[in-house]
Structure formats: C-alpha cells, structure tokens
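Okay, thanks for having me, everyone.

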Amino acid sequence: TTKSNRLCFPTSKMSSKIPTSVTVLVVVVLAVLASFRMQQRVNLPDHLLGHVATTLPDFLDSETADELVDLMKQMKVFPTNSNDLKFYKTVHEHIGEAVPIGDNGRCDMHPYFVPNVNRTLCLLPGRIDVGRHFIKHGGVIGLKESTSKLISRIQSFGRYMYNPEDYPVVKRLFQSGVFQQAAEDVCPPGKHVLDPLQYNFIVSLPGQTVALHVDGVYMFGATRFHFPQWLLAVMKFSGLYEAEFIDQVQIVAYLHRWTDNRDGQFVYWDSNNEAKYIAPRPLSGSAVDGSKVVHAAMVYQPDADVPRIDKSADNQLVYQGDDVWHLMADDQLIRAYTTDDLRITLVYRARCFASDEEMHRYHAQTDADMMSLDSVLSKLSADLVRRGRVTSVEAALTMPRAELAELLLGEYISYPLPVNAMVPYNYCALTSYLPDSLAKLFSPICP
C-alpha cells in the first residue's frame, strides 16, 4: 500500500515544499485572468448601435487635396486638440471642478487636469471622456504604457473652423454630389436638410493615435458652445436626451499621398461585436455620424518614437515653410517633421434636419431656450439615484465636482475595451500615483 501510494502521488513531497502563499497567489492570478477573459469587452447602449459608415475611395482629386494642404500651411499654427477652446468660447468651461493654476504654471494637483485657455485655471480637459478611457485601458489594442506617454500619443493637433463660406475649397466640398450622397446614406430617413456646421484639420505625428470617442454632440438646448464636450458625451450615452439629439453627417478625408503601410486605420463599432476597419488610403474618405458611432484611429506608425508632450505646456505644431513643421512646447523646439511625415485629415460635418423649419428653429434658439448646467446635472443625478449609484440627488450635487465628473464618466461612458488584450487595463497608469523612486522600478515594462 505504501509503495502504491508513492507511485500514485509522486509529487506530494515536492508540492509540500511550495509555500502556501505562492499557491494562493498563483490561484488568485489565474482567477483574475479568467475573469478578464470572461469580461464583456464591448457593451455600447442600443441607441449607439446599428448606424452606418461608408467608404469613399478616390474622394479627393489631387488639385483639391493640394489646395487644402496649402490652406493648412497658410493657417500655420495648430494647437493640440485638447486646446480646441482657442477656436470658440463656451458658457460653461467646467462643471465646478476648476482650481487656480499652480504658482509654477502647471496643473500637477490632479493627473487629468490641464490649464484652461488663458492659463489661469486647472480643470478637466473638454474630452476627458476620451483621455480617461485611453489612459485606463490603452486604446483599441490595449497599450501598456505610462500615463505621460499615452497623453503624448493622443495630443494630436488641429484647428476648428465654423465659417465654411469663407473658404471656396471647403464650400465646394459641402456642395459636392459626394457629400450629398453621403448625407443620403448617413442621415436618418426624412432628415436630409443639411446645415453645415464645422470643418477642421486633424494632424497626427508618427506614434500618435485618435482615441475612442464620439464626436461633438449637438442637441436642441445643448451644444459645445454651452457645455464641456465630455458632459455632452455623457448626455448622449445616458439615453436621457434622445428627443433633443440632432443627427449629423461627417466626412473624414485623408490628405496624404504616402502609399506605404503606416497603419492608422479608421475603426468603428456598429454592434457589440467586433470592430470594423477602414484603411486610410491616399485621398480617400469615410462618411459617418460620429456623434452616435463610437470610432477611433489605430496608432499611426506604431513603431515610431512619439515625442513626450507635457500636458501642462503650450504645445503647437507650427509650419515653417519649405514643407517643414516644428513641434513646439512653450516656444521650445521639440522635433521637426515634413508634411509627408504626418497623418492629415480634413473632417467636415453638417447637421441633419427634417425640414427648413426645424433648421430655422435650431438657429432661432436664445439663451432662454438652452438647458442650464444645474438642470443637466440634476437630471443625470436623479438617474444615478435610480441606478443605485448615489443615495440622493443632493448627495451627488454636493460632492466635489471632480468626483461627480468621475462618477458620471464611470457610469455612462462605455467605450469598448481592448478585445484582444489578455488584461484590458493599463496597469502602467498606476505609476502616476507612485513616488518617483518606486515608479522607476516599473520603467522596464512601462515605457
């Protein structure tokens, strides 16, 4: 019997030498990994599903593309897209979380705070919904990188214009038959009265990406000219404002001429299954309502060394002439690029209305017709009570506003998690909360 026992259990003495704590740790790690694999990675609300995106091959002719690139060069200075308020004003730049900027001109008191346009306050960036998700999860592919590097990856550059009539080349694009057909495909049935609202250039450096997002939401009573864009995204995700929501059609047009594979695909979700991809072919385009279709761009030239872009600095991409662009931070040269190095898109959009009367009603809105910040926060807080996230509306409205913002973002914004990553969380972001001496220990695995 003794002999048979030894044969049946030949590892019993070896296993007894393994510390119990190690065994427990292994079991816990395996259980955590298993829970990650079972976690639903895409869980968008129904009203953000089932919307089309179409591909527009050979969308731009060479002459038009050249004219658009020349227009970019004339504009010369492109701030980071986190500073889009340099191009328009909003009534409520924040929901009450802002604090005076530090004596050193920095916003180091909160990992997500950035300076406002006139650099007097530190507050949540207008698209904190985008940056927060990207830092927490690492984007579509689940990058595991430090917060500072991920912030550098999504600090693309751009200019926002609301006067398409002022530029003949842009006016022609809005009037083109291709745009009209795109509106037929993208705008809901019966909503084909188009109201051009905006166009902008988006420039990504090698190593940068466009993180998961919905575009600027427009509603009767609520626009980017009144509220932070992240709050508008929360309102859209919540489903509480569908009656006020205004549909859009947008074109994403690629201005580059390079034909080698640099990645940077347009990616979007029309279901809670796998993402769909559109390659950024030269002078092609895509049509979509980006305010109700979650989308992103894959990392452009993913193997490139992305420059570190300090969130507290005044960062700009500035055209120098002779096809050379300078990345500047607080007036200091960081790196030089040529136009061919860049991923450049023109994005232009129009609102979709059912009739001229509906369009005129939108433009006739006065301040009295706009939602108040208090009413929006109260309505969302009441829904948080219904969901069991807070005990009362008063409890929500009296908490520190940065905490309320975090609660709203966490409850409503459900951008997809990285589908193919074993761990859908960017554990490297935790180094931002560690002393420098400890954070350095993670540098080999958290660049």
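I'll go through a sheet, the helices around it, another helix pair and one aspartate.

Before anything else, keep in mind that this is a predicted model.

Let's start with the sheet. Six strands make it up, in the order S1-S12-S9-S17-S7-S6, and the sheet is open with antiparallel pairing. At the edges you'll find S1, residues 53-56, and S6, residues 157-161, each of which pairs on one side only. On average, neighbouring strands here are turned by 20° against each other, if you ignore direction.

Now look at one pair inside that sheet. S7 covers residues 193-204 and S17 covers residues 343-353, and the two pair in the antiparallel sense over 11 bridges. If you want a landmark, find Tyr 199, which stands opposite Tyr 348 in S17.

So what lies across S6, S7 and S17? That's helix H4, and it runs at about 70° to S7. Then there's H8, residues 177-186, which also packs on the sheet and touches S1, S7, S9, S12 and S17. The direction of H8 makes about 130° with that of S9.

Let me stay with H4 for a bit. At the N-terminal end, Asp 61 is the cap, with a side-chain oxygen 3.1 Å from the backbone nitrogen of Glu 63. After the helix comes Lys 76, and its phi is positive, near 70°. And which residues of H4 are buried? The list is Thr 64, Ala 65, Leu 68, Val 69, Leu 71, Met 72, Lys 73 and Met 75.

Next, another helix pair. H5 is residues 128-137, H13 is residues 401-412, and their axes come within 11 Å and cross at roughly 70°. On the H5 side the contact is made by Ile 128, Asp 129 and Arg 132, and on the H13 side by Glu 406, Leu 409 and Gly 410.

Last stop: Asp 270, in the loop between S10 and S11. Buried or exposed, would you say? Asp 270 has a relative accessible area of 18%, and buried means under 20%, so Asp 270 counts as buried. Its side chain makes a polar contact of 2.8 Å with the side chain of Lys 276. Leaving aside neighbours within four places in sequence, Asp 270 also contacts Leu 49, Gly 50 and His 51, among others.

Methods:
Residues numbered from 1 in each chain as written. Predicted model: local features only at pLDDT ≥ 70, side-chain atom pairs only at ≥ 80, totals over all residues. Heavy atoms only, no water. Buried < 20%, exposed > 50% of the residue type's maximum accessible area, 1.4 Å probe, protein only. Helix = DSSP H or I, 4+ residues; strand = E, 2+ residues; numbered from the N terminus. Polar contact = N/O pair within 3.5 Å; in protein donor to acceptor, adjacent residues only side chain to side chain. Contact = heavy atoms within 4.5 Å. Pairing = 2+ DSSP bridges. Axes fitted to C-alpha atoms, helices over the stretch in contact; angles between N-to-C directions.
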